[in-house]
Amino acid sequence: MIAPTGSVPFTTFLYNRHIELGAYMGTYSGWWMPIYYTSAIQEHQAVRENSGIFDLCHMGQFFVEGPKAMEWLNGILTNDLSLLKDSESQYHLILSDSGGIIDDLILYRIGSSSYLLVVNACASEKDYSLLHGYLPFGDVSLIDNRRKWGCIAIQGPTSWNVLKEVFSLDPIPKHTIKKIIFDKEFLYIAATGYTGEEGAELFFPGKIARLLWDRLLEGGKPYGLLPCGLASRNILRLEASLPLNGVDLREDKTPWEAGLSKAVSLSKPYSFPGKAALVLLKDSFQTLLVAFVACEETSPQPKTGSPIFFKGQKCGEVTSGIWSPSLGRTIGMGYVHKAYAIIGNKIEIEIRNKLYPFEIRKKPLYKRPTIHR
């Protein structure tokens, strides 16, 4: 499928390559993206059993540099940057003044005065405006690399075999980042991902995107590497119970409700937007984001907004739902009144005017045994 003229504002550096590979394309967050190449199920299986490669060039990338970069970011983001060492990563949130979630992001400490922020495509414009609005005069620079730099992810149990094949690089520790040279250009490779599998995300100048993509595909042939689209990525992240910004994470929900308290440091000596509100709301929030699994294999997929019931009383609503190949049934997440958000509780979800039984389960719903390096 080819994009109709003028229908979508942005295409990634790899758009033409996706067309050549026969991808089914669709719109996502203002970008023309591959939804699948063969099928979501086959691509899901590749990631769980071998490895898959994803185009994530739609994600926003910001570099923050300067002698006061850490202090400045610590006054905006929710986690405590002072705990980070060079080459380490950290999960953060950007909040509204009322404590609602604007975006979730990964921050990488490149050096003592240099950071890379990778943000969601759907919130990148709002993130940039917020960050730019807080910029001081001097000491800190904010470099907007959206539509200048790209991102490719390789995920799955053979992903580091592929990366070693292409870069002669041994695996790096999880949640760390390393600078390497490829085709006379430097890029960053980070041991992070969004699938519940081993793998890495690569950040690089956009001009080498196609060469890098093709070299990885070629190097990955012996290891079962397949190009994958957003449909399989959505299944994978839901199996791993990883929330999606704009769907599971929203401005009308706080980190307490989303179960993201580990991403918030109220004890750090910095005030960030939403901190005062979070202090007041810490013991008074009413809902929790839970994961659930269908009790019956034949249960259909609930939609965003589908009502959730407990013993006949409406107690919440679905945010995400999908059929899980790993569990062999429908799974999802949703906000449930905290009095009923108990692991093991049986709930019912209304789907097409009929109630279907589900069970609240511990997150993540799927987890591969830890690989010891």
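**Exercise 1. Helix 2 and its surroundings**

Work out which elements the buried residues of helix 2 pack against, and which residues of helix 2 are buried.

*Solution.* Start with the partners. In this predicted model, the buried side of the helix meets strand 3 (31–36), strand 4 (51–55), strand 10 (149–155), strand 14 (225–228) and helix 7. Now for the residues themselves: Ala40, Glu43, His44, Ala46, Val47 and Arg48 of helix 2 are buried. To read that list, recall that an α-helix has 3.6 residues a turn, so residues three or four places apart point the same way.

**Exercise 2. The crossing of helix 2 and helix 7**

Find the angle at which the axes of helix 2 and helix 7 cross, then decide whether the crossing is left-handed or right-handed. Finish with the residues that meet there.

*Solution.* 
- Step one is the geometry: helix 2 (residues 40–49) and helix 7 (residues 230–239) have axes that come within 8 Å and cross at roughly 55°. That makes helix 2 oblique to helix 7.
- Step two is the hand, and the crossing of these two helices is right-handed.
- Step three is the contact. From helix 2 come Ala40, Ile41, Glu43, His44, Val47 and Arg48, and they meet Ala231, Ser232, Ile235, Leu236 and Glu239 of helix 7. Sorted by class, the contact of helix 2 with helix 7 has six nonpolar, two polar and three charged residues.

**Exercise 3. Strand 12 and its neighbours**

How many residues of strand 12 are buried, and how many bridges join strand 12 to strand 11 and to strand 13?

*Solution.* 
- Begin with burial. Strand 12 (residues 185–190) has five of its six residues buried, so it is largely enclosed by the rest of the structure.
- Take strand 11 (residues 177–182) next: six bridges join it to strand 12, and the two run antiparallel. Phenylalanine 182 faces glutamate 185 of strand 12 across the pair. The two strands form a hairpin with two residues between them, and aspartate 183 in the turn has a positive phi of about 50°.
- Then go to strand 13 (residues 199–205), which pairs with strand 12 in the antiparallel sense over three bridges. On this side tyrosine 188 is opposite phenylalanine 203 of strand 13.

**Exercise 4. The barrel**

Trace the strand order of the closed barrel, then describe how strand 16 pairs with strand 17 and with strand 19.

*Solution.* 
- The barrel has six strands, running 15-18-17-16-19-20 with antiparallel pairing. From one strand to the next, the twist averages 45°.
- Strand 15 (residues 287–294) is joined to strand 18 (residues 329–337) by seven bridges, antiparallel, with phenylalanine 292 opposite glycine 332 of strand 18. Helix 7 turns up again here: it packs on the sheet, touching strand 17 (313–324) and strand 18, and its direction makes about 125° with that of strand 17.
- Moving to strand 16 (residues 307–310), Pro307 and Phe309 point one way, Ile308 and Phe310 the other, and all are buried.
- Strand 16 pairs with strand 17 in the antiparallel sense over four bridges, and isoleucine 308 has glycine 316 of strand 17 as its bridge partner. These strands also make a hairpin with two residues between them, where lysine 311 in the turn has a positive phi of about 50°.
- With strand 19, strand 16 pairs antiparallel over two bridges; phenylalanine 309 stands opposite glutamate 348 there.

**Exercise 5. Isoleucine 347**

Is isoleucine 347 buried or exposed, and which residues does it touch?

*Solution.* First place the residue: isoleucine 347 lies in strand 19 (residues 346–351). Its relative accessibility is 2% and the cut-off for buried is under 20%, so isoleucine 347 counts as buried. Leaving out residues up to four places away in sequence, isoleucine 347 touches Phe292, Ile308, Phe309, Phe310, Tyr356, Pro357, Phe358 and Ile360. Finally, compare sequence with space: isoleucine 347 and lysine 311 are 36 residues apart in sequence and 7.3 Å apart in space, C-alpha to C-alpha.

How values were computed: Residues are numbered from 1 along each chain as its sequence is written. This is a predicted model: local features need pLDDT of at least 70, side-chain atom pairs count only at pLDDT 80 or more; totals for chains, interfaces and linings use all residues. Side-chain values use heavy atoms; hydrogens and water are left out. Axes are lines fitted to C-alpha atoms, for helices over the stretch in contact, and angles run from 0 to 180 degrees between N-to-C directions. Angles under 35 degrees count as roughly parallel, over 145 as roughly antiparallel, 65 to 115 as roughly perpendicular and the rest as oblique. A crossing is left-handed if the near helix is turned anticlockwise from the far one by less than a right angle, and right-handed if clockwise. Contact means heavy atoms within 4.5 Å. Ala, Val, Leu, Ile, Met, Phe, Trp, Tyr, Cys and Pro count as nonpolar, Asp, Glu, Lys and Arg as charged, and the others, Gly among them, as polar. Buried means under 20% relative accessible area, exposed over 50%, partly exposed in between (1.4 Å probe, protein chains only). Two strands pair if DSSP finds at least two bridges between them.
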